[in-house]
Structures are given as C-alpha cells and as structure tokens.
Amino acid sequence: MFKFIRKISLLLIPIILIGALVGCSSSGDDKTEIVLLEGQFSEITIIIQMAGILIEENTDLEVKFHDSMNTVAAANANVNKEVDLYVSYDGTLLTTILGHDPSDVPEGESLFEFAKELGSKEKGLTLTEKFGFENTYALAVPREFAEENNIKTISDLKPYTKDLVFGAEHEFFDEEGTMRFKPFNEHYDIEWKDSKSLDIGLKYAAMDNNNIDVTMVYSTDGLNKKSDLVILEDDLSFFPEYYGSFIIRDTLFEEYKETAPNLEELLLSLEGLIDNETMIEMNYAVDAEGRNPRDVAKEFLVENGLSE
C-alpha cells in the first residue's frame, strides 16, 4: 500500500510542477496593473497624472503610483520592472542616466533621437515622443539684482559670483552625470562665495529670504514667476536640450499588448500638445495657487478633448 501511494505521489509531482509553471506564465502575460512613478516636482506629477487618467478611463488596467525617486534610481526601477512609466527629459536620459555628453551627439542628428536610440541600446530604455515643451536647467537671480547690474547672461554674472551664494537641490551637486555643479563651474570658470545644497521645496524660499543669491531652476517652473526671478541666458551652451517625454522600457507596449493594446496610442496622444507657456501656467497653478495636480491634469485633458 505504501509503495502504491509513493508511486502515485511521484507521478503527481511533475503534473503539479507543470501546472505551477503554466500558472506563473499565464499571470506574467496577463498584466492587470501598471505602476506610474510620482514626480519630484509639480511638472512631472501633473503629466504622470495625465497618463494615469488616460489609462484609467480607456483601459481596464489598475493604475498604481509609486513614490518618487532620484533619476538614476528611477531608471533602474524601470529596467527592473518595479515601475512601468515615468516622465523625464531627453537631456536627462543622455547625461545622467547614460553618462554621455551633448558633444557626443553626431552632427546632423538631434539630441532627442540620439538619446532615444542610445538608451534603447545601452539600457533597454527609450523615449516616447516630445510633449512639446523644453524644461532646461537655467540659472536665475532676483529681478532687481539683474536690472541694477544689467545681467542677462551667465557670463554677465561671472564678475559678481565671488560675492554670491549659490544654492540648488541636492541632485544638482551629485557626481553622477555631466550636467552638474562642478562641471558647470569648470565650463564657465566660476567661483562662488559659498554653495548650499537644499531640499527642492526650499530653494525658492531661500531666494525670497535672501539666504542664497543665485539658484539653478527649471525654465518652466511656475515659481520663477512667483518669486520674480530672471532666467539668465546660457551663453556658453553648457546645458543640453531638455524636452519632456515619457521614458519607458523597450518592451513596455509588448508587455501590455493583451490587456491594454491601446497603451501606446494613449501615451502618444500628448505628443506636441504642451508648449512652454502652457506648462508654466500649469506649474504655477499647482505651486503658487495651491491647486491639486490631478485636477490641473484633468482640466488640461478635458480642454484638449482627451477626457470628458
């Protein structure tokens, strides 16, 4: 009797294992949720909320939002399938994630297309299409100071920097990537009285309270308007293009072809719709007027016929 039961057990083991493998394979292909990465600042949050609304309203996928993380960690999380979709920029992909320089872009090829192709080749990451706005790094100073000293470019600022305190968020002081504080100073041959690494939410308050004199901003940030800052021209062309786009895994649309075959169409519906002025106003609505990013995102989609 014991031998009979043992034989039956041995026969059942392969069947159970095959069933388990089939079950795993089936659940892997049948993706029912998508993970979107929250932004570290309002612009990214607004657009990722647009993506969430479009997906929720037009597919059966459950949308989940993952807490924000820094640029390199976000790229790794995307590659490792911890997150599926997030908002970034072509210049960020090229410099911070891939570690290349704008000078590496072949003559006659756009930075966007070069970053898109290189990202796919080196990391399995690619860009969708441009939203339309360019949110590049920029140096900003108080309007009164700029007008008193006729400062319009970064080179115009250089004679004053030894008496000025520079402040920016922590990531700008990172060693990873070429578009950072130390390479910037070397490019413009600039020395500062002091420099301060700040939380991203505190730098405008620091400017308003005269705790710092100069800061690095994003050109479409709504708080530039609120704090009445003048953005200086990057006359020696240190910063690359930073056109906004979704960054995705090469395999993303293939992964969702069964449960959300229209995912690519939904994401590409934002292509070319958001110019700089529109993005500045949406950022201002959130950062200066205190509006909810999801409400701002929904309003934009309704106005552009993408949501009801």
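Predicted model: local features only at pLDDT ≥ 70, side-chain atom pairs only at ≥ 80, totals over all residues.
View 1. A cavity here is a set of points, on a 1 Å grid over the protein atoms alone, where a 1.4 Å probe fits but cannot get out. By this rule there is one cavity of 30 Å³ or more. The largest cavity has a volume of about 40 Å³, a volume being the space filled by probe spheres set on the points, which are joined across faces, edges and corners.

**View 2. The residues around the largest cavity.** Lining residues have an atom within 4 Å of a point. Here they are Phe41, Ser42, Glu43, Asn135, Tyr218, Thr220, Asp221, Asn283 and Asp287. At least two of the lining residues come from each of α2 (42–58) and α13 (276–287); helices (H or I, at least four residues) and strands (E, at least two) are DSSP runs, numbered from the N terminus.

**View 3. The largest pocket.** A pocket is an open set of points with protein on both sides within 12 Å along at least five of seven lines. The largest pocket has a volume of about 410 Å³. Its lining counts 27 residues, with Gln40, Phe41, Thr71, Glu171 and Tyr218 nearest the centre. Two or more lining residues come from each of α3 (71–79), β3 (86–89) and α4 (90–97), and β3 gives the largest share, four residues.

**Notes for all views.** Residues are numbered from 1 along each chain as its sequence is written, and side-chain values use heavy atoms, with hydrogens and water left out. Local features need pLDDT of at least 70 and side-chain atom pairs count only at pLDDT 80 or more, while totals for chains, interfaces and linings use all residues.
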